[in-house]
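My notes below follow the order in which I looked things up.

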Amino acid sequence: MASKKIQTTAATGAAAIIGVLLLPTGAATATAAGTEYTAVGHATSAYGAEMRAELSVSSRTVTAAGERVVYRLRVPFSEFTHPQPGFYPLTAMRATVDLSAIADDVADLDSVFDDLETSPLPDLLVRRDGTTVVFEAEHAADAREFVATFAVDFARGGDGDLGVDATVAMRGGENRWDYGASVTVGVPVIAAQPAPIIRKTVDRTRVTAANPAVRYTIEVTRPKGSTATAFSLSDDLADTIAEAGGAIPADFRVERGSVAPAQDGLPAGVFAVGNGVLTGRGAYDPEGRFALSFSTVHLGSADGVLRNTACAEAPTRSIGAVGTPEFVEVRGDRACTAAPEVTIDRVPPTPDPEPEPTPEPEPTPSPDPRPTPAPHPATPTADGAERSGTLATTGGTATGAATVIAGALALTGAGALLLRRSRTRRDA
């Protein structure tokens with residue numbers, strides 16, 4: 001594939017060439033995905049020369065960063081190289097493409113040249129001057145048209161307008177660019193407004209039957225690359241209402257921003273609950289912030305867990321007049337967030353009873369380790385047997401006293417001594 005020179009001049013329009021790039025040439029074609037829209041322009045010069053230009057685009061809407069848009073410029077001119085008698089032939093073409101609208105919506109404008117392809121015209125010159133690209137070429141006897149294709153990868157950060165305009169002029173006669181007609185054609189391309197940044201918080205994640213009040217706050221922030229001043233808000237409160245025994249949330253407060261005013265054919269954004277869903281339109285404050293809070297009660301009337309999800313959607317963006325081929329619109333992006341779950345203690349917890357102390361068993365007295373003395377044998381006498389029998393049967397005073405003393409003093413070992421003394425006295 002042959003290459004052609006690209007002359008790059010300063011953004012100020014200075015004539016000095018500050019860079020030279022190589023441009024591949026070949027048969028330019030539309031994208032594989034096809035062409036969604038083609039704008040056609042016609043013009044007739046004062047000398048009767050007619051011009052036609054076509055500018056096509058692969059898609060007129062972009063919804064996400066990184067999406068590629070391919071543009072295709074076609075100029076048929078072979079029919080003008082052999083004009084009617086009395087007219088000069090058209091000998092050269094100049095096409096000027098204005099990229100100023102897309103400059104803030106691409107990461108690098110130089111990327112336009114990455115996939116640039118053109119018809120193989122002799123001495124084709126491609127010159128860039130700031131955000132303008134100019135194609136100039138002499139007509140070739142066997143060339144029937146000029147075609148150029150280029151692409152951009154959308155990057156958020158600008159106003160979302162990716163429209164491109166092209167102006168085509170023909171040279172005729174004695175180097176006169178005003179001899180042929182000049183025609184301008186453009187394609188509208190717009191990017192969807194990015195989704196708002198949404199967050200939903202709750203003041204508590206656990207309630208009791210005695211204190212079931214809960215307060216939610218929905219915060220919405222305008223994202224980078226958005227030009228929106230308002231947004232639509234929805235919040236599914238079906239579970240919230242069920243847990244509250246059918247009660248609708250109340251005490252709605254706009255903490256930041258405001259309710260969106262009536263605009264773009266839409267009514268003012270009054271927030272209301274219908275069929276279990278909170279809906280409304282909010283407007284950002286000067287810092288791009290909005291906050292709405294409301295209260296409810298968690299009675300545990302359903303499964304005992306409070307759940308809900310809020311969503312914010314950017315407004316629809318449009319360009320062109322409604323009912324015309326140039327009209328195009330794209331719905332704004334949407335983002336959702338789930339609030340933290342809230343549970344309920346249905347019955348206050350009962351504290352565990354304190355264990356009663358186990359009574360200690362009373363100590364069992366240990367037996368006395370001292371041995372019981374053995375009884376001493378009686379002193380043998382002639383009438384001992386008779387006395388023994390008398391003591392056992394009569395229980396006389398003397399004998400009874402001796403027996404008691406002997407029992408009381410058995411542990412001391414003195415009993416036998418006293419008994420012997422008593423008997424000795426009696427014998428005496």
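**Notebook: one predicted chain**

I began with the secondary structure: the chain has four helices and 29 strands. Both are DSSP runs numbered from the N terminus, helices being H or I of at least four residues and strands E of at least two. I am working with a predicted model, where local features need pLDDT of at least 70, side-chain atom pairs count only at pLDDT 80 or more, and totals for chains, interfaces and linings use all residues. Residues are numbered from 1 along each chain as its sequence is written, and side-chain values use heavy atoms, with hydrogens and water left out.

**Whole chain**

I looked up burial next, and found that 38% of the 428 residues are buried. Buried stands for under 20% relative accessible area, exposed for over 50%, and partly exposed for what lies in between (1.4 Å probe, protein chains only). For contacts (heavy atoms within 4.5 Å), I took those between residues at least 6 apart in sequence, and 70% of them join residues at least 24 apart.

**Cores**

Which residues touch the most other members of the largest nonpolar core? They are Tyr71 and Phe135, in a core of 47 residues. I counted as a core a set of buried Ala, Val, Leu, Ile, Met, Phe, Trp, Tyr and Cys residues joined through side-chain atoms within 4.5 Å. Strands that each supply at least two residues of this core include strand 3 (37-44), strand 6 (68-76), strand 10 (132-138) and strand 13 (182-187). I then listed the contacts of tyrosine 71 beyond its neighbours within four places in sequence; among them are Ser56, Ile102, Phe150, Leu162 and Val189. A second, separate core has 24 residues, including Val202, Phe231, Leu233 and Phe271.

I traced an open sheet of five strands in the order 3-4-6-11-8, with antiparallel pairing. Its edges are strand 3 and strand 8 (117-118), each with a single partner strand, so one side of each has no neighbour in the sheet. I took strands as paired if DSSP finds at least two bridges between them. Strand 3 and strand 4 run antiparallel and are joined by eight bridges; valine 40 stands opposite glutamate 54 in strand 4.

Another open sheet has three strands in the order 16-29-24, and its pairing is mixed. Strand 16 (206-208) and strand 24 (305-306) are its edge strands, each pairing on one side only. Strand 16 pairs with strand 29 (residues 342-345) in the parallel sense over three bridges, and valine 207 has isoleucine 344 in strand 29 as its bridge partner.

**Disulfide**

How many disulfides does the structure hold? I found one, using a cut-off of cysteine sulfur atoms within 2.5 Å. Cysteine 311 and cysteine 336 form it, with their sulfur atoms 2.0 Å apart. Cysteine 311 lies in strand 25 (residues 309-313) and cysteine 336 in strand 28 (residues 334-338), so the pair ties together parts 25 residues apart in sequence. The S-S torsion is about 105 degrees, so this disulfide is right-handed. Cysteine 311 is buried at 7% relative accessible area, whereas cysteine 336 is partly exposed at 43%.

**Backbone**

Aspartate 251 has a phi of about 55 degrees; aspartate 251 sits in strand 19 (residues 250-256) and is partly exposed at 37% relative accessibility. Asparagine 275 also has a positive phi of about 55 degrees. I placed asparagine 275 in the loop between strand 21 (272-274) and strand 22 (277-283), where asparagine 275 is exposed at 83% relative accessible area.
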